[in-house]
Amino acid sequence: MKRISVNASKTYNVFIGDGLLGRIGELITPALRGGTAMIVTDDIVGPLYLEGLKSALSGMGPYVYTHIIPNGEASKNADNYVALLTAMAECGLTRSDTVFALGGGVVGDLAGFAAATFMRGVGLVQIPTTLLAAVDSSVGGKTAIDLPQGKNLAGVFYQPAAVVCDVALLKTLPESVFTDGMAEVIKYAFIAETPLLERLKSPIIPQLEDVIALCVSIKRDIVCADEWESGERKLLNFGHTMGHAIEKCSGYTISHGHAVAAGMAIITRAAVNAGLCPPEVAQMLEELLLQHSLPIDTHFSAQELASAAYSDKKRSGKNVFLILPESLGRCTIHEMPSDALEEFIAPALGITTQKGGER
Ligand code: MG
């Protein structure tokens, strides 16, 4: 088991290891504050792991309630948020009680936002059940729901009391869900200089615990340096301005990880084209993405992507922030007028440096 300590506005531990769900009692006793627990999960994860979590918590004595939402991004809406707050009120949760988010990014974001805002904040334990949630959304304190106008438009920064990542749960994920998380894993290898890049050339499953721990350490270092995303934390958005644009243009039929993969490849080729990045970096990124069955291009036009990016919350006033690789393991933040974006990305669409790359 690995334990990574996060020293943000709240200090908490991220536990990563095989079979941790059954050991959750001993791991989080210091973090569990009150006598009532509310487990939030979805209708796919719930039947698999809810009973295991309930019995692991039963030895600790809290009264356990459960709240189940439908699986999928569409659940991260205002109606489900209010329904969860209502359930928490009806169950008599107090500020000394704890919400357990058992699921992927959607459950973590919705349960996290409810935990952050119910009575101005109750305890929160994240138990990620997807690779994407394990390496990214469960750590760092971002919580949010979507509005009809866009993703994550209502949310707060709220650090959990603990994150428990049971690697055994991730080894049985459907391939497309695992692949989705690999996009964020590859992202870390390009924003920080660590042994991660070398490791990604070998099969991931046998080294999953180490790979997740490396990703979480990178995220921890960045979040601790800039918890509220005024500077360095923006590096975590590598590939995300284009990725969010692709998700939006597809009507959210393309998943986050797949969109971010294409977004990273496109923005890196654009950086090469602008003379800001050596071509070898783009080539290595594309090779890794293809190796993990992720896309490296999109069929949407530069105009469609630029106009979708304009409504992204990662823009600031009339400018967008782009995270561009400079060399292997090093990215820098570039601020660019929104109306220059279309011209910047146009040469990077439909031309990959790989033979056989997706158009
Ligand atoms: Mg992401």
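Which residue stands opposite Cys165 in β9? In this predicted model, that residue is Ile16.

Strand β9 covers residues 162–166, and five of its five residues are buried. In a regular strand the side chains alternate between the two faces of the sheet. Both faces of β9 are covered: one side carries Ala162, Val164 and Asp166, the other carries Val163 and Cys165, and all of these residues are buried.

Two strands are joined to β9 by bridges. Strand β2 (residues 11–17) runs parallel to β9, with five bridges between them. The facing residues Ile16 and Cys165 illustrate this side of the arrangement. Strand β6 (residues 123–128) also runs parallel to β9, and two bridges join them. Here Gln126 has Val163 of β9 as its bridge partner.

## The magnesium site

Three residues coordinate the magnesium ion: Glu184 through OE, His240 through NE2 and His256 through NE2, at 2.1 to 2.2 Å. Along the sequence, these donor residues follow the spacing E-x55-H-x15-H. Glu184 belongs to helix α7 (residues 175–191) and His240 to helix α10 (residues 240–249), so that distant parts of the chain, 56 residues apart, are linked by this pair.

Are Glu184 and His240 buried or exposed? Glu184 counts as buried because its relative accessibility is 0%, below the cut-off of 20%. His240 has a relative accessibility of 5% and therefore also counts as buried.

## Aromatic pairs

The model contains three aromatic pairs. One of them is formed by Tyr63 and Tyr65, whose ring centres lie 5.0 Å from each other, with 55° between the planes; this pair is tilted. Tyr63 is exposed, because its relative accessible area is 54%, whereas Tyr65, at 28% relative accessibility, counts as partly exposed.

Phe157 and Trp228 form an aromatic pair of the edge-to-face kind, at 5.6 Å centre to centre and 90° between the planes. Phe157 lies in strand β8 (residues 150–157), while Trp228 lies in the loop between α9 (208–225) and α10, so the pair ties together parts that are 71 residues apart in sequence. Phe157 counts as partly exposed because its relative accessibility is 31%. Trp228, with a relative accessible area of 51%, is exposed.

## Charges over rings

Which rings have the charged end of a lysine over them? The charged end of Lys187 sits over the ring of Tyr188, at 5.0 Å from the ring centre. The ring of Phe321 has the charged end of Lys234 over it, 4.5 Å from the centre.

## The second largest pocket

Rolling a probe the size of a water molecule over the atoms shows where empty space is left. The second largest pocket holds about 180 Å³ of space. Its lining consists of Glu175, Phe178, Thr179, Met182, Ile204, Ile205, Gln291, His292 and Ser293.

Which element supplies the largest share of this lining? Helix α7 does, with four residues. Helix α7 is also the element that holds Glu184, one of the residues coordinating the magnesium ion.

Key: Residues numbered from 1 in each chain as written. Predicted model: local features only at pLDDT ≥ 70, side-chain atom pairs only at ≥ 80, totals over all residues. Heavy atoms only, no water. Donors = N, O, S within 2.8 Å, 3.2 Å for Na, K, Ca; no water. Buried < 20%, exposed > 50% of the residue type's maximum accessible area, 1.4 Å probe, protein only. Pairing = 2+ DSSP bridges. Phe/Tyr/Trp six-rings, centres within 6.5 Å; stacked < 30°, edge-to-face > 60°. Lys NZ or Arg CZ within 6 Å of the ring centre and 35° of its normal. 1 Å grid on protein atoms, 1.4 Å probe; cavity = no way out; pocket = protein on both sides within 12 Å on 5 of 7 lines; lining within 4 Å. Points joined across faces, edges and corners; volume = space filled by probe spheres on them.
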